[in-house]
Amino acid sequence: MLTLDDVIKKITYKRLATIILIVTCIPIIFPIGLPIPVSSQTTDFRKEIDALPQGSVVAFGFQMSNIGQIPQYGPGYQVITKYLASRKLKVVYVCVSDVSPLTVEDVIKSSGVEAAYGWKRGEDYVITSYIAGEETALASFASDVQGTVAADYYGTPASQIPLMRGLKTLADFQLAIASYGTFTFADMFARQWAGKYPSVPLIVFGMFGTVAAYYPSQVRGVLDLDRGGAEFEVLTRLPGAYSSRMDARNLFGFTLVILMLAGNIAYHQTVGMRRRVGAGFERAFFGREEKEAEKQ
Amino acid sequence: MSKSIYQRQIPLFLIAVIAGVFIVEYFLIPIDPLKALKDELLAWGVNMSAVAIIFGQVMLLIWHGRVLSRAGERKETRRRLFESGVFVGGFIAFGLLALSDPKTISGDLFTALYLAFVMKFSQGIGSCGWPAQVNAVFRMFKVTSLETLTIATVYIVTWLRYLTAFTAFVPGIVPVVDWIIAVPHAAAQRAGLIGSAVGAIIIGIRALVGKEPGLMEYEVT
């Protein structure tokens, strides 16, 4: 008789990869429309943006560990940027990793905010050049904006950029957004921005687990990567890649959990149970000894 | 002169002085000359790290070339040659682009090519890792003790919390997993951070006073 273990042994690495590919591709080709409930962290994220009057200035801390993160983070940057532009807010993108400036440039172009909302470089948004130093860079920007950002990404001196005039410290901003691909930056943003400038609310686009300890006191709202991004797209009615990916993510997640459970059940059905946990546990859960007795 | 003097003692002394300047400027005396010195040192740090990266890449290629020259004619050799060729080609092409554009790396052509090639390669490499991760969970994540049972349970409920279709029908899982993330997970994270911070300070002090034999120490003996 074919056991679960026999079935699992037939699932080779290539077959497993094929299963994953099929599971994730089917809902992309034929969308299912699974529900996307909105969590409190996402609602709080939006509330902080909605609380700002038109013309307020936002510091958008922008860190990516490598350019390959664009597919995962890109839709989030786009929907946040679109929403900020639609609320007529002004944004300074504080680039604290080497690939950040060209990523922001790409986000602004691909999201079409300049055409849709009349956003203008230098007046409505600024992309800083790469500010090296990680935590030192964040601390330096917060305490001395003009001294840290000598020029923007395009080489325009800060003194000639209308939006930069009057911005001396982080206290001159009405909101701070932190986004990061390297998780240690969560603590850096919390220490150097939220910790030192509590009057400026900090909201985060990053994994919730990295800032859970700071939420909701120092970090006022969180977009938890793909899930949070999808929720934000639903909440703001700005559909994007995240909400369309959620079907695939759901199916993939369920498959992963089922595979893990199946792997464990098969393991304990065969060798693991008798040797490691004892015959009593095996009898209670699987009734193997009873089956053996019946056979005899 | 002993190797340990210039390989170990002098760099440690320089690091101690630079760290001292940063600490004094940050915590005690935020005056302009000290701030200017800090900025200058940071600029040097950026330049030196850039040089170190280029040096590392060149050394990597040289070592890789040596391995290939000894390997002979094999299928593996051709693959490695192709990889090295792609790397060298990319290095030269992007280097020339960066130098030729008056705005260095902010040029449209550089950005377009970087996003089209480097991003896609990087994305592809990341995607290839997914089946391997699932495979590891499927075949190796076995519950054999109380500890692995705890980890497996947390893993499964956390995954389920991130599946919007599941939370729509079982909303009760959200506060449970959020609590796991905010309390035990954050506590473990902070304990690890404090432990590594205290350990790093102790090792740093021991290294400064010459009590901690590091890799360099083993190299010179």
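Q: Which pattern does chain B follow, read along the sequence?
A: This is a predicted model, in which local features need pLDDT of at least 70, side-chain atom pairs count only at pLDDT 80 or more, and totals for chains, interfaces and linings use all residues. Residues are numbered from 1 along each chain as its sequence is written, while chains are lettered from A and ligands numbered from 1 in the order in which they are written. Helices and strands are DSSP runs numbered from the N terminus (helices: H or I, at least four residues; strands: E, at least two). Chain B contains eight helices and zero strands, and its pattern along the sequence is α-α-α-α-α-α-α-α.

Q: What percentage of the residues of chain B count as buried?
A: A residue is buried if 20 or more other C-beta atoms, placed from the backbone, lie within 10 Å of its own, exposed if 12 or fewer do, and partly exposed in between. Chain B has 221 residues, and the share that counts as buried is 6%.

Q: What distance separates the centres of domain 1 and domain 2 of chain B?
A: An automatic or database domain assignment supplies the domain bounds. Chain B is divided into domain 1 (1–71) and domain 2 (141–207). Taken over C-alpha atoms, their centres are separated by 35 Å.

Q: Which helix gives the most to the side of chain B that touches chain A?
A: Residues are in contact if their C-beta atoms, placed from the backbone, lie within 7 Å. In these terms, 39 residues of chain B are in contact with 43 residues of chain A. At least two residues each come from helix H2 (32–71), helix H4 (108–140), helix H5 (146–161), helix H6 (164–169) and H7 of chain B. With 16 residues, the one that gives the most is H4(B).

Q: How many nonpolar residues does the side of chain B that touches chain A have?
A: Ala, Val, Leu, Ile, Met, Phe, Trp, Tyr, Cys and Pro count as nonpolar, Asp, Glu, Lys and Arg as charged, and the others, Gly among them, as polar. By class, this side of chain B has three charged and ten polar residues, and its nonpolar residues number 26.

Q: How far apart in space are Gly210(B) and Arg8(B), C-alpha to C-alpha?
A: Gly210(B) lies in the loop between helix H7 (173–208) and helix H8 (215–220) of chain B. It is exposed, because 12 other C-beta atoms are within 10 Å. Gly210(B) and Arg8(B) are 202 residues apart in sequence, and their C-alpha separation in space is 9.4 Å.

Q: Which strand of chain A pairs with S2(A) over three bridges?
A: Strands pair if DSSP finds at least two bridges between them. All six residues of strand S2 (residues 90–95) of chain A are buried, so S2(A) is largely enclosed by the rest of the structure. Strand S1 (residues 57–62) of chain A pairs with S2(A) in the parallel sense over six bridges. Three bridges, also in the parallel sense, pair S2(A) with strand S3 (residues 125–127) of chain A, that is, with S3(A).

Q: Which residue of S4(A) is the bridge partner of Ala59(A)?
A: Five of the six residues of S1(A) are buried, so S1(A) is largely enclosed by the rest of the structure. S1(A) and S4(A) run parallel and are joined by five bridges. In S4(A), the bridge partner of Ala59(A) is Ala176(A).

Q: Why do the buried residues of H3(A) lie on the same side of the helix?
A: In helix H3 (residues 40–50) of chain A, the buried residues are Gln41(A), Thr42(A), Phe45(A) and Ile49(A). They lie on the same side of H3(A) because the directions from the helix axis to their C-beta atoms cover an arc of only 100°.

Q: Which residue forms a cis peptide bond with Tyr215(A)?
A: Most residues other than glycine have a negative phi, and most peptide bonds are trans. The bond has an omega of about 0°, and it joins Tyr215(A) to Pro216(A).

Notes:
Contact = placed C-beta atoms within 7 Å.
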